[in-house]
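I opened this entry to record what I looked up in the model.

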Amino acid sequence: MNASQILLLKYLWGLFGIYWIAVARGGKVSQSGESRISRPLRWGILVITFTLLFSQWTGVGILGKAIFSPVLAVAYVGFVLTLAGLALAVWARVRLGRFWSDKVVLKVDHQLIREGPYAFVRHPIYSGVLLAIAGTALVVNQWHAAIAFFLLLITYSIKAQKEDRLLANRFGEQFRDHQRHTGFLIPRLRN
C-alpha cells in the first residue's frame, strides 16, 4: 500500500462526506422506523469503519497483515470500484431527492422511487457506499480494511431491512412488486 494512494482515497472520501453533508435536506417526517439510539449508533459505526480503513494504529498484529500479495492491478481495480461506488451513491441520492434521509423515515407525501438505480436495487446508496468501501479495502489490502467492509455491510443490511418494512407498510402491493423486480443490495439477475 502506497501512502499517496491512501491519501488520495482519504481525499475522495472526504469530498464525498462534504457533499453528503452539504446536500442534507430536512422535511417533515410522517413515520419513523427506528429508535432514537439507532442514528448515533450508526454514526459511531461509521467512525469505526473509517478508522479501521485509514488509521495506521488499526493495522497491528494480524489486522495489519496483507490479505493477498500486493499487485498494482488490484489497487487500480480498487480505485475504480471506489469511484464507481461513490458515483452510484451520489446518483441514487440525487434520484431520491427530497425523500432522502439518513434516518429510517418516510417523509410527508413520500413516494416510492423506482427509476434510476432504484429500478435495479432497492438500496443503491448503501450498495454504492459498500462498493466504494470494498474498493478502498482492496487498495489498503489489510485485514482491518476487510473488517471495516463487513462491519458496514452488517449495519447497512439491518438498516435496509428496517426501510423495507417501513416501505412495505406504507406502499403495500406496490412495494412488494418492487421487491420482486429488484435486488436488496445487489441487482437481481432474473425477475
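How many aromatic pairs does the count come to by the rule used here? I took rings of Phe, Tyr and Trp (its six-membered ring) as paired if their centres lie within 6.5 Å, with planes under 30 degrees apart stacked, over 60 edge-to-face and the rest tilted. By this rule the count comes to 8 aromatic pairs.

I noted that this is a predicted model, in which local features need pLDDT of at least 70 and side-chain atom pairs count only at pLDDT 80 or more, while totals for chains, interfaces and linings use all residues. Residues are numbered from 1 along each chain as its sequence is written, and side-chain values use heavy atoms, with hydrogens and water left out.

I looked up W13 and F16 and found an edge-to-face pair, 5.7 Å centre to centre with 90° between the planes. Both lie in helix α1 (residues 3-22), 3 residues apart, and are thus separated by about one helical turn. Helices here are DSSP runs of H or I of at least four residues, and strands are runs of E of at least two, numbered from the N terminus. W13 counts as buried at 7% relative accessibility; buried means under 20% relative accessible area, exposed over 50% and partly exposed in between (1.4 Å probe, protein chains only). F16 is also buried, at 10%.

I then turned to Y126 and Y156, which are stacked because their ring centres are 4.5 Å apart and their planes at 25°. This pair links helix α4 (residues 124-140) to helix α5 (residues 143-171).

For the chain, I recorded 6 helices and 2 strands, in the order α-β-α-α-β-α-α-α from the N terminus.
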